[in-house]
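Hi there,

Here is the structure I promised to pass on to you. Have a look at it first, and then read on for my notes.

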Amino acid sequence: MEADRRDWLFGTGATSTEKLLAHATATLGALAVTVANRHAGWAWWQWLLGLSLVWDLVGGVVANGLDTAKSFYHSPLPADTPRSIRFVHHPVGFTGLHIQPILVGFLFPGGTWWWGVLWYGLALAGAVAVEAAPERLQRPIALATVAAGAMISPLLPGPGGLSWLPVVLLLKLVLAHGVPEGKCAPQRATVA
């Protein structure tokens, strides 16, 4: 019965190697943030929050990109599933729960309320656009959203030491989580 247990982090059936890769990536991210911000003057609670963000978002890019996670989150639920579970299971609902950029905008030096709302809004808009798009366009729309975030992010003032957050947030939520595994075969051009 253990094999049938739901795994909300990696999807049901993820291998030890897949899980290790997600944790190793999160560890690398935590190390990078620690080294980059060692003189930032963050309070202990900002360190705790910052490292938790890294673990969730950086590790989440890999975890959400696993075939097992995509299969888990993009498959239908039983009819009797409670609404709260349906909300968390849905790509847009899952994205909507990720209020981290708003918290960062308010709680870290150099952050502003609009910075957090902007990145939260872009992630949510990207998730909605991917969900509404035909299957052939879901991945390109997600990639366009991430590319736009990567180009815009350096142009905007934000919290020191957390400039990585917008791009990683978009990678995790819009691309890795939002795009199901493709079932759409390319159409072949016919020669007359």
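Let me begin with a helix contact: on the α6 side, Pro-101, Ile-102, Val-104, Gly-105 and Phe-106 meet Trp-113, Trp-115, Gly-116, Val-117, Trp-119 and Tyr-120 of α7. Sorted by class, that contact holds 9 nonpolar and 2 polar residues, with no charged ones. Please keep in mind that this is a predicted model.

How do the two helices lie? The axes of α6 (residues 100-107) and α7 (residues 113-132) come within 7 Å and cross at roughly 170°. With angles over 145 degrees counted as roughly antiparallel, that makes α6 roughly antiparallel to α7.

There is another helix pair for you to look at. α8 (residues 135-152) packs with α9 (residues 165-177) at an angle of about 170°, their axes being 9 Å apart, and therefore these two are roughly antiparallel to each other. From α8, the contact uses Arg-139, Ala-142, Leu-143, Thr-145, Val-146, Gly-149 and Ala-150, while α9 brings Val-167, Leu-170, Leu-171, Val-174 and Leu-175. Its residues divide into 9 nonpolar, 2 polar and 1 charged.

Now for the largest pocket, which holds about 250 Å³ of space. Its lining has 15 residues, and Leu-9, Asp-56, Gly-60, Ala-63 and Lys-172 are the ones nearest the centre. Which helix gives the largest share of that lining? That is α2, with 6 residues. α1 (16-36) and α2 (44-65) each supply at least two lining residues. By class, the lining of the largest pocket has 9 nonpolar, 4 polar and 2 charged residues.

Conventions:
Residues are numbered from 1 along each chain as its sequence is written. This is a predicted model: local features need pLDDT of at least 70, side-chain atom pairs count only at pLDDT 80 or more; totals for chains, interfaces and linings use all residues. Side-chain values use heavy atoms; hydrogens and water are left out. On a 1 Å grid over the protein atoms alone, a cavity is a set of points where a 1.4 Å probe fits but cannot get out, and a pocket is an open set with protein on both sides within 12 Å along at least five of seven lines; lining residues have an atom within 4 Å of a point. Grid points are joined across faces, edges and corners, and a volume is the space filled by probe spheres set on the points. Helices (H or I, at least four residues) and strands (E, at least two) are DSSP runs, numbered from the N terminus. Ala, Val, Leu, Ile, Met, Phe, Trp, Tyr, Cys and Pro count as nonpolar, Asp, Glu, Lys and Arg as charged, and the others, Gly among them, as polar. Axes are lines fitted to C-alpha atoms, for helices over the stretch in contact, and angles run from 0 to 180 degrees between N-to-C directions. Angles under 35 degrees count as roughly parallel, over 145 as roughly antiparallel, 65 to 115 as roughly perpendicular and the rest as oblique. Contact means heavy atoms within 4.5 Å.
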